[in-house]
Amino acid sequence: MAVRDMAERSPEFIELAAPSNRRVHTTCYMCACRCGIEVTVENDRVRFIAGIPESPVNQGVWCAKGGAGIMTEYSPARLTQPLMRDPASERGEGRMIPVDWDTALDTVAGWLREIRETDPSKLAYFTGRDQMQSFNGNWARQFGTPNWAAHGGFCSVNMAAGGMYSVGGSFWEFGWPDFERSRWFMMFGVAEDHPSNPLKLGIAALKNRGGRFIVVNPVRSGYGALADEWVPIRPGTDGALMMAMMHVLLKEGLYDPDYLRRYTNAAALVVRAPGSSQDGMLYRAGNGDMMVTVESGAIVPFLAAQGHGLLNATVEHDGLVLESAFRIFSRRLEQTTPGWAAEVTGIAKKTIVRLALEMGTTAMRHPVVLPVPWTDFYGEHHRTTIGRPVAFHAMRGLAAHTNGFQTVRALFDMMMLLGTVDTPGGFRYKSPYPKQVPPPVKPASRAQDYGPNRAAPAPLLGYPTSPDDLLVDGDKPLRIDEAYSWKYPLAAHGGIQNVIRNAHDGTPYSIDTLLIYMANIAWNSTWNTLATRAMLSARDENGQYRIPHVVVIDSYDSETVAYADVVFPDTTYLERWDAASLQDRPISETDGPADSIRQPVVPAPPGVRPAADVLIDLANRLALPGFVEHGKAKYRSYFDYIQKWETEPGSGVGLLAGRRGRDGKDTLVGEPNPHQLAAYASNRAFWYAPLTEGRKYYRMANQSYLNWARDAKFNPSNAPIVLNFYSEPVQTFRLAGQGLWPGKKPQDPELAKRLADYFDPLPFWYPPFEDEVEGHNEFPLRIITQRPMTHYHSWGSLNAWLRQLLNENPLYMNPVMAAQLGLEDGQWVWIASRIGKMTGKLRYSDAVEPGTVWTWNAIAKGPGSWSLDPDAPEAKRAILINHIIPDTIPLKGPGTFFNNDPITGQAGWYDTRVKVYPSELQEVWPQVAPRQPIRPDAVETPHMIYSIRKPAVGVAR
Amino acid sequence: MRPTGPLLLITVLQGLSGGMAVALTTALIFLRPSAELAHAVRMEPLIIVVALAGGVASFFHMHRIQAARFVLRRLKTSWLSREALTTGLYIGGLTGLAAGIDLGNWHGALLLGTAAGVAGLGLVAMFVTAMLYSTITAMRSWHSPLTVIAMMGVGVFSGWLVMAAIFAVVGTNPAPLREAAAVAVVLGLLLMAVKAQQWHFFAGARTSVMASTGTGLPLGPHRLQDSGTSRIPYKTQTQIWPDLRPGPKRLLYGLMFLLLTAVPVAAMGAISAGASPAGWFVGGAVSAVVGAFLERWLFFADATHSSRVWFTDHVKRASRVATHRGSPALLERYRRLSK
Amino acid sequence: MQLTIITDLNKCVGCKSCQVSCKEHNASGAFGSVPDHAPYNDPDGMWWNRIVTMESGEFPNTSVLYLPKACMHCYDAPCVPVCPTGASYKRVDNGVVLVDYDACIGCQLCIWACPYGVREFDEHEGVVKKCTMCVDRLEDESLPLRERQPACVQSCPTHARVFGDLDDQQSEVSQLVAQRQGFALLPELGARPAVHYLPRRPSPVVLAEEEVLKVMEERY
Ligand SMILES: Nc1nc2c(c(=O)[nH]1)N[C@H]1C(S)=C(S)[C@@H](COP(=O)(O)OP(=O)(O)OC[C@H]3O[C@@H](n4cnc5c(=O)[nH]c(N)nc54)[C@H](O)[C@@H]3O)O[C@H]1N2
Ligand SMILES: Nc1nc2c(c(=O)[nH]1)N[C@H]1C(S)=C(S)[C@@H](COP(=O)(O)OP(=O)(O)OC[C@H]3O[C@@H](n4cnc5c(=O)[nH]c(N)nc54)[C@H](O)[C@@H]3O)O[C@H]1N2
Ligand code: SF4
Ligand code: SF4
Ligand code: SF4
Ligand code: SF4
Ligand code: SF4
Ligand SMILES: [Mo]
């Protein structure tokens, strides 16, 4: 029955029904790492999940979550049919009534049709940890709303944007340490990160070669355990550490001037004309070329200088004072001494100096020289490839602070100083990166770009290069999340964390429908959680919900499902077609591009449908352009879309880069292949094309690579990519703040001040906003979380095996601090931030810096959600610190200022300050009202035996 | 380790019955040829009942009775195989003795010899059971001859008291009972000493495995940072059991000493001093039996298994022998010389 | 022959992949099942390989250690002689210690006798279970070669686990133990585990202390 129903809708499912014992290759989705997995199915049940040895991502290994996918497939928390809120119940109670698909689809299509015909921006579509961002973005764009984004705003946009505005790439999916060759590896603020298995493989490779591994982190956990040296830093102060290390590098001459001159704009001349609209802009020739000075004193275009631009130059020219970017930065670095940074970071001065000396010496005195010839964009031929074997990796420890963008900028400038960007042993890009700095994509910025019954003229997310690119109408944001507004100008990933409050307040405007896919916005991916939940169910003076419709697409009974008016039940990752695409966040390797697919491994239950198929169904009902042409639906299902969709008609670039063309022989660019998915399926579900040796390094400057990348349509041209040591786009916003920018400018003084204060074209450190809020001294400690290796956000607890590995989380505190506060191990404590308090159980740990307390992320659950017993440890013994993370900062200005980075709008999760004191309450508080688990029978199962040999007890479907 | 009902029953009852058999045999020796002999002989089935109750409990301790036929396979190495054999033989002996008394109308040397033999078997069974526990190297608290001495001591003492109490109740001549009471006082005091020594040993066992050899990490303090599966208790690992908290533990040990030894010894003392035996004996015996169960519960519950190194924190402990004394003059002299 | 698994503690990140892949394989393996109690309530299940997280030392000289702990397949396995039925046995051909469920009476004496706390009791089947060194994989000729190794070794994302014959001087495991000061746990208990661990091997500072001090003195 199950199979037949699926087959009616998508014939591609027929293949699946065949033999009952099989091994199927697909891509894991237990986290965003996207490892290749081989799933053994016996008696139509999942017998075993293992890594695919040939997969470039995981090379045959798999993690705890990956293996436990079996229990996710058979979790009783799965939603099995469309649901609608019982009209007699309140949002949040979770009293849902099963309905048929037509009812659910008709209802939602009705709402959407009306919105689209009147004002498409009344639809806000936000997604969580989704791996279909290309498709989702396209869907929203065709719908015509500006209000779409994935989860990046509360995740790591600082990391992404910081990199994109510096080197046209970034860490994680965009670039990666060269573990095979690096000798000295420093990792800032990483607990687990996206490329989970690759990072483990990489660290193992480094260890095999005896490489040195330094971890900068307030907490020693996870990978940090293996560090040769742990540098316990105060949260939010890494920028200061980097500035001080650069101070030493410069002072000791341990940097790579040649690299800076040739491949970065460090030598570029900057106009020094305070009060003028040119101030801080690069001095350019009439044709736009940036200019440098050479030895002779002449001012010549960057390219013409052939890498001989002076790093330290001040000249007067044309009545202007021009100064090289490097010199401006050097002057700043003179102030950022190790002594200063020691005060800020809590790291000994000697340690700071030594670390800088270590990295500088390793880079400059022990280069890697590969016998690989290449030619740069100056036309100069290099007989060898020289690398600096110093690598860095960083993640939310840098990103999740309100000073994160500038800190990430500092890191990239430090990497440029060391000459380690895209060199052997250093940081290396992953295809399709590098792109221009920043990548040349921009959302449409005018109010009239978004209107009834039409698609948006440009992709909805991108990289503004000046205030004129912002989505504002005067001071008023065009987007509900205020991304690309004066508050968060470079919000390249949107601002999902701002949506609920703004929609609730009706600022900048009210919306009609909130569509949520794969995000648990009513619990662990929200902040000030109780208040946010209240906003989701708040009513206006007429008794109507302030957010009139909430639609949720999820596979499991999350806390957010309880807040939905309509729920579309999705399949699991083992039941659908899908693509891990270069158009999304790539799974490419440093050696070349790669992508992969998912295919149905086991049949889906009859009542569920793949989310993408549902969205395509809706698009077809609404006749969205791009989906319906000449009254005919282009795609029947996502299976169809993956194979047929092209970035532009006839572009030859689609979701999958391999096996293109009618015969499947083209790569990267080629006609759509109607048998592409089948070809992937029978080739271990992935495609990987390592670059030729001469194109693997210095890709921003490697002409052969640049030519190839243009042909591959990674980049629009083969123009040189010059790394932005100095960020001119950032300066344009400062000018706007100063009222000097000729184009768009903010009116409100607070908005203007933020631009002037924080949009420094060169990196600097400032304290996180929470340190400036009045009364902050009352809250002396910083509270942060760690990703546990065994759990992926809230998805772990629905899994019978994973939840045994971690189901409660104490608050870890350094015993020295505990002694000072008179607190004892095992004691219940209050944890209070400026917005509220909660309880937790204290646990001593010497692996945390004394000024920091921490716990695991997203272990706590709302009682009764996820088909768990309301008394399960996740509800009764686990704590959720999101309750006390401030969502806003008290600033006077239009609307609300969220606790976000002022440049990118990244949520400042790790800035929260708390005080901890004894609690008279010996239990978890606050608690939300319990829900009835969707499968009471499962909750009561006393004993479960999962085996493909016998009928499984307790997991019957 | 996690205490379980069947184990408590089998070990306590086996000891009790063995002790009763010993007491009975002693009675047979000393009462001969008095009128009380008849009483004594009639006690025999009682011992069987006690022993059988233990035996039945042990039977149900097996989770797969269908494999019970294999239990004697490892007599060469397994004290459990040997326990099955000796306890079986003992119960068989008891039954034979009872049958002999009833049907064969045994008396005289035959009766005495058989009874002594059976009591001997009882002691052997007790010894084997105790050896089973004491030979488990991993159970640090048990791995000592003290286990054998204490276990047999508890058995003999409690059995002796119970048997004497029965004699007292059925109206035996008080003179030998007073002697039995005097013997019990000595036994009780010895047992108290042995148990005190064992308590001390249990405490030492707690620190006898080191986290450093258990983890390869030399520096203490060692702190277990797991929740979830690496934290006790597992339902599936019976050798581990959460630590008793110090307060309740002291209380339980105190109670155990009181019931198992102090109260019975006092009662026996009273009898020796001339009190009427029946009431005191019964009181003393009941107290000792309850005490024996408590003793055994603590024997299990408070036992430290070597795997505890991976389940609890290990604090850094200061040296217990260091003193406030500077370097000896010799060292000073050496320093001066080498300058 | 003595089969063994060596874990390099210099590489183990405590990811628990080996813990889950063990369960994953054995749940439906020849020696399964590996049951779970109250899976959606207050759960407590059977695992044949558990990772212990231990922290030691005082801030800032803190170490954090992950210790995967499964059967050590001891040379002088104390769990074997105590077993009354002979259900627990050690194979002479490869040194693997196994339980014959058909002969097991569930007395659990072997659980107490094992110093390492790696045997677990299955209340439903009434038998004791534990790591089998995945013999059912090793000896299953229908499996592709790369799967004829323990599941936990195959999955380990840092390749911290190495499988082989400790009696063969030339094997990788023997060489690792010899060259990297491999150690066994609680050697004082005399079980002579076959399973060994390789200690941490910190990579030192790349500069001489004097050099740093000199720079510090002169300029900072
Ligand atoms: N297993 C697992 N893997 C995951 C996820 C998961 O939930 N589970 N989530 C995925 C997602 S969405 C993301 S965004 C990534 C996140 O990957 P990570 O960034 O690795 O995850 P976090 O847990 O946020 O870890 C941040 C680390 O930064 C440290 N830190 C906090 N503040 C500071 C600071 O100021 N300075 C420094 N130096 N360190 C600091 C914290 O102690 C922590 O160790 O992981 C992805 N991978
Ligand atoms: N305190 C604290 N809070 C944090 C963080 C932190 O470090 N500390 N990290 C933040 C970060 S970086 C992120 S990215 C967010 C993550 O937050 P989210 O993206 O909200 O991630 P989840 O909480 O796991 O919610 C994902 C939802 O997807 C559903 N889901 C899983 N699989 C499928 C599927 O196949 N189909 C569909 N339709 N749904 C599925 C799950 O049931 C769940 O409801 O959390 C943020 N919250
Ligand atoms: S790292 Fe992520 S994608 Fe890879 S196996 Fe683990 S859960 Fe799956
Ligand atoms: S580790 Fe335990 S179960 Fe394994 S062989 Fe040794 S004693 Fe036996
Ligand atoms: S539980 Fe089974 S394997 Fe263990 S000792 Fe008893 S009979 Fe032997
Ligand atoms: S060898 Fe097999 S049974 Fe043993 S721990 Fe590894 S996976 Fe589990
Ligand atoms: S899989 Fe490997 S790295 Fe992970 S816990 Fe096990 S041994 Fe350690
Ligand atoms: Mo994230």
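Colleague: Is the crossing of H1(B) and H5(B) left-handed or right-handed?

Modeller: This is a predicted model, and in it the crossing of H1(B) and H5(B) is right-handed. Helix H1 of chain B covers residues 5-31, and its axis lies 6 Å from that of H5(B), with an angle of about 55 degrees between the two. That angle makes H1(B) oblique to H5(B). On the H1(B) side, the residues in contact are B:Thr11, B:Gly15, B:Leu16, B:Gly19, B:Met20, B:Ala23, B:Leu24, B:Thr26, B:Ala27 and B:Leu31. They meet B:Met151, B:Gly155, B:Val156, B:Ser158, B:Gly159, B:Trp160, B:Val162, B:Met163, B:Ile166 and B:Phe167 of H5(B). Sorted by class, this contact has 13 nonpolar and seven polar residues, and no charged ones.

Helix H5 of chain B, which comprises residues 145-170, also packs with helix H8 of chain B, residues 246-272, where the two axes come within 12 Å and cross at roughly 40 degrees. At that angle H5(B) is oblique to H8(B). Here H5(B) passes H8(B) in a left-handed crossing, whereas the crossing of H1(B) and H5(B) is right-handed. The contact with H8(B) brings B:Val154, B:Phe157 and B:Leu161 of H5(B) together with B:Leu260, B:Pro264 and B:Met268 of H8(B). The residues of this contact are six nonpolar, with no polar and no charged ones.

Read from the N terminus, the elements of chain B follow the order α-α-α-α-α-α-α-β-α-α-α, and the C-alpha atoms of the chain fill a box of roughly 90 × 55 × 35 Å along the principal axes.

The secondary structure of chain A comes to 26 helices and 41 strands, and its C-alpha trace spans about 80 × 70 × 60 Å along the principal axes. For 957 residues, a compact globule would have a radius of gyration near 30 Å, and the 27 Å of chain A agrees with this. Within this chain, helix H4 (residues 101-118) and helix H5 (residues 133-143) pack with their axes 10 Å apart, at an angle of about 55 degrees. H4(A) and H5(A) are therefore oblique to each other. From H4(A), the residues A:Leu112, A:Ile115 and A:Arg116 meet A:Trp139, A:Gln142 and A:Phe143 of H5(A). By class, the residues of this contact are four nonpolar, one polar and one charged.

Some details of the backbone also deserve attention. Most residues other than glycine have a negative phi, and most peptide bonds are trans. In chain A, a cis peptide bond joins A:Tyr433 and A:Pro434, with omega about 10 degrees, and A:Pro434 lies in the loop between strand E22 (427-429) and strand E23 (472-473). The loop between E22 and E23 of chain A also holds A:Asn453, which is not a glycine and yet has a positive phi of about 55 degrees.

The residues around ligand 7 include C:Cys12, C:Cys15, C:Cys18 and C:Cys156, together with C:Lys16 and C:Arg161. By class, the shell around ligand 7 has seven nonpolar, three polar and two charged residues.

Technical notes. Residues are numbered from 1 along each chain as its sequence is written. Chains are lettered from A and ligands numbered from 1 in the order in which they are written. This is a predicted model: local features need pLDDT of at least 70, side-chain atom pairs count only at pLDDT 80 or more; totals for chains, interfaces and linings use all residues. Side-chain values use heavy atoms; hydrogens and water are left out. Axes are lines fitted to C-alpha atoms, for helices over the stretch in contact, and angles run from 0 to 180 degrees between N-to-C directions. Helices (H or I, at least four residues) and strands (E, at least two) are DSSP runs, numbered from the N terminus. Angles under 35 degrees count as roughly parallel, over 145 as roughly antiparallel, 65 to 115 as roughly perpendicular and the rest as oblique. A crossing is left-handed if the near helix is turned anticlockwise from the far one by less than a right angle, and right-handed if clockwise. Contact means heavy atoms within 4.5 Å. Ala, Val, Leu, Ile, Met, Phe, Trp, Tyr, Cys and Pro count as nonpolar, Asp, Glu, Lys and Arg as charged, and the others, Gly among them, as polar. The radius of gyration is taken over C-alpha atoms; the globule rule is 2.2 Å times the number of residues to the power 0.38. A residue is near a molecule or strand if one of its heavy atoms lies within 4 Å of it.
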